[in-house]
Every structure is written in C-alpha cells, then in structure tokens.
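Biologist: Could you walk me through this one?

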Amino acid sequence: MTVVTHSPAETQAFAHKLGQQLKPGTCIAFAGGLGAGKTTFTRGLALGMGLPDTVSSPTFALVNEYHGDGAVSMYHFDMYRVTSPEALETTGFWDYPLEDGVFVIEWAENITDALPAQTIRITIEPIDDTTRRITVEGGDFSC
C-alpha cells in the first residue's frame, strides 16, 4: 500500500490508523533518510496503540520504551550506528520481548539479517518539505 501525505499531521493520522491494528509480536522496519518523518510516523503508531504522546527520536538512547495502561508496549530502536552483528549485540536488542510488544526500528537496513521473517517494511520518501510518499509492505491493514 502506498499513500501520499501532505503534512506531518496527515502522516501521523495515517500511522494512527495502522497503530490501532498492531498486535504483540509485530516488527516494523523503517527506511528513509534523516528528516523523512520516521519519528513523526512512530508517534502516530503509538497514539493509535493507546500509548502516551511522548515519542522522541531514539538516536542517542538507541531504544525508547513506551508503555501505557492496558496497551501493548512499543520498543522504538535506532540502528543508525549499528554496523555489525557484534554492534547489534551490544544494544541489548535481543533482550527486549518482541512477543509481548511491538518493535519499531529506524535504520533497519543496518540489521536486515536480524529482522523477523514477517517484518512490516515502511519506506518514507520526502517529496518536498511537507509531502511524503509512504509505502507499507507486509501486514494486513485496512485503511
């Protein structure tokens, strides 16, 4: 599925719809350069999952965790600096419970071999300052 959004609010609204449909064990792998809108999209996913609006880029933390009352937890990873299996091991990636939560991974192309087979791939392409082409591959979403 491919959609074009014309503002960060539209991007977040589209992600919100997807977030409402996510289940534990879901892994989402993002592709898109710096400033493409990955964190904005993740904020929409979190809100759709019933999580608080506290999403921020995990660039310096490597992973941000989001939990809510009765909601499925989200683990938001940044793999920008991960360039080898050994580097992935040092992030603690394998210690997080995918079966109980949702993984959202920025710069997932750096850990392609470690991604689960059923990973949902989302590519965000900037068209101009506010317009984005978003392609979702995998998953069974109704939007």
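Here is our chat about a helix, a charged pair and a strand residue.

Modeller: First, this is a predicted model, where local features need pLDDT of at least 70, side-chain atom pairs count only at pLDDT 80 or more, and totals for chains, interfaces and linings use all residues. Residues are numbered from 1 along each chain as its sequence is written, and side-chain values use heavy atoms, with hydrogens and water left out.

Biologist: Which residues in H1 are buried?

Modeller: H1 is a helix covering residues 8-19; helices are DSSP runs (H or I, at least four residues) and strands are too (E, at least two), numbered from the N terminus. Buried means under 20% relative accessible area, exposed over 50%, and partly exposed in between, with a 1.4 Å probe and protein chains only. By that cut-off, the buried ones in H1 are Thr 11, Phe 14, Ala 15, Leu 18 and Gly 19.

Biologist: Within what arc do the buried residues of H1 fall, seen down its axis?

Modeller: An α-helix has 3.6 residues a turn, so residues three or four places apart point the same way. The arc is taken from the directions from the helix axis to the C-beta atoms. The buried residues of H1 line one face of the helix, because they fall within an arc of 145°.

Biologist: Which side chain meets Glu 125 in a salt bridge?

Modeller: A salt bridge needs a side-chain nitrogen of Lys or Arg within 4 Å of a carboxyl oxygen of Asp or Glu. The structure has one. At 4.0 Å, N to O, the partner of Glu 125 is Arg 133.

Biologist: Is Phe 77 buried or exposed?

Modeller: Phe 77 sits in strand E4, residues 73-78. Its relative accessibility is 2%, so Phe 77 counts as buried.

Conventions
Expected span 1.5 Å × (residues − 1).
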